[in-house]
Amino acid sequence: MSITLDYHLQELQFKHPFSVAGNTRNHTPSVLIILKDENFTGYGEVTMPPYLGETPSSAITFLKKVSFSGITTATTIAKFHHYIDCLDTGNNAAKAGLDIAFHDLVSKRRNVDICSLYSLPNEKKASSFTIGLDTPQVMLEKTSEAEELGFHVLKVKLGGLNDKETMRLISNFWKKPISVDANQGWKDPAWSLDFCHELKEMGVLFVEQPFEKSNLNMAVWLTSRSPLPIIADESCKRFTDLEVVKNCFHGINVKLMKSTGLFEAHKMLTYARTNGMKTVTGCMAESSCAVAAMSHFAALADWVDLDGPFLITNDPFEPVKLIEGCIQVPRKIGIGVELL
Ligand code: MG
């Protein structure tokens, strides 16, 4: 059956200004993608953190290149992904939006969810909640929001001047699991190793992206010595990065907006696990659309980091819920959410 593509610009508003090492934002641009055949509608979204280089205008330029003349819901996901991937280089988030919407449409037509589409068990794992970079005291205060929302795991953004003080304050208060994301903010390998030992004592689960993304020598140095798993985020976007990254980090954080969507995220998670790496299923600032889609890959994740919808005030989709700390989608078919 023939497919039509429609898209709308939107802006996701943050509950609080969101800071990581390097920048602060109040909102994030997003493009809603709608694919329709005669009976079903599939949804996707493109979210574009500025540091990744995509913009609403680049996304729309890319979407205008897409033609569904040779594509139907009978087209395999692999073939569809290959088609959009060959339209242009880059544009990972725009490709992800299309990939998510196509998965939603195809799985609705087959009356299954994304887990079933990939023959995965419908496992639930507790998602972390992000504490953005701020002063140690403000970051400590923000942990009460994680508690109120019902999260069982914290992800603390570091890479500032007060990392040790922040972690001492938070770990004294928060007695459940914590992970740490330096967002490329650490500069000194010896200091980082010393801190990793301290973080291990605090019960931290893993350390994400300690150094600048292209500085793989420092990553290798720390990975070979660290008592905690060192996870690549900015250093690993797509499947092709894994050939190098698997020798530099203990694991990877896979996000749909980096990986070009579910098809390649599945490939990355499977490859990483086969090669003895740890895996995180993560997200950008995203609505319930992309987060619901990724939540189906919990069985392939050591850790889940899907708090996007809990950080925004204007989710355009039926919200995913948090049940015993785990992401739960409201519907059993497709990605699991409908547009409100
Ligand atoms: Mg990260």
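Visitor: Does Thr 130 count as buried or exposed?

Guide: Welcome! This is a predicted model, where local features need pLDDT of at least 70, side-chain atom pairs count only at pLDDT 80 or more, and totals for chains, interfaces and linings use all residues. Residues are numbered from 1 along each chain as its sequence is written, and side-chain values use heavy atoms, with hydrogens and water left out. On the scale used here, buried means under 20% relative accessible area, exposed means over 50%, and partly exposed is in between (1.4 Å probe, protein chains only). Because its relative accessibility is 8%, Thr 130 counts as buried.

Visitor: In which strand is Thr 130 found?

Guide: Helices (H or I, at least four residues) and strands (E, at least two) are DSSP runs, numbered from the N terminus. The run of residues 128-131 holds Thr 130, and that run is strand S4.

Visitor: Which residues does Thr 130 touch, leaving aside those up to four places away in sequence?

Guide: A contact means heavy atoms within 4.5 Å. With that cut-off, and without residues up to four places away, the partners of Thr 130 are Phe 18, Lys 155, Lys 157, Asp 305, Asp 307 and Leu 311.

Visitor: Phe 18 is on that list. How far apart in space are Phe 18 and Thr 130, C-alpha to C-alpha?

Guide: Phe 18 lies in strand S1, residues 4-20, and Phe 18 is buried because its relative accessible area is 19%. Its contacts, not counting residues up to four places away in sequence, include Thr 130, Gly 132 and Lys 157. Phe 18 and Thr 130 are 112 residues apart in sequence, and their C-alpha distance is 9.7 Å.

Visitor: What share of the residues counts as buried?

Guide: The C-alpha trace spans about 60 × 40 × 40 Å along its principal axes. The secondary structure comes to 12 helices and 13 strands. Of the 340 residues, the buried share is 58%.

Visitor: How far apart are the mean positions of the positive and negative charges?

Guide: Lys and Arg count as positive and Asp and Glu as negative, while His and the chain ends are not counted. Each charge is placed at NZ of Lys, CZ of Arg, CG of Asp or CD of Glu. With 34 positive and 39 negative charges, the two mean positions are separated by 4 Å.

Visitor: How far apart do the C-alpha centres of domain 1 and domain 2 lie?

Guide: Bounds from an automatic or database domain assignment divide the chain into domain 1 (4-111) and domain 2 (116-328). The contact takes 35 residues from domain 1 and 37 residues from domain 2. Between the two C-alpha centres there are 22 Å.

Visitor: In which strand is Ser 30 found?

Guide: Ser 30 has a relative accessible area of 0%, so Ser 30 is buried. Among the residues that Ser 30 touches are His 8, Gln 10, Val 46 and Met 48, not counting those up to four places away in sequence. Ser 30 is part of residues 23-36, which form strand S2.

Visitor: Which residues does Ala 146 touch, again leaving aside those up to four places away in sequence?

Guide: Ala 146 is found in helix H5, residues 136-149. Ala 146 counts as buried because its relative accessibility is 0%. Its contacts, not counting residues up to four places away, are Phe 129, Phe 151, Leu 154 and Trp 174.

Visitor: Now for some backbone angles. Near what value is phi of Gln 209?

Guide: Gln 209 has its place in the loop between strand S7 (204-208) and helix H8 (216-223). With 1% relative accessibility, Gln 209 counts as buried. Its phi is positive, in a residue other than glycine, and is near 35°.

Visitor: And Glu 324: does that residue count as buried or exposed?

Guide: Glu 324 is found in the loop between strand S12 (321-323) and strand S13 (326-328). Glu 324 is not a glycine, yet has a positive phi of about 50°. Because its relative accessibility is 67%, Glu 324 counts as exposed.
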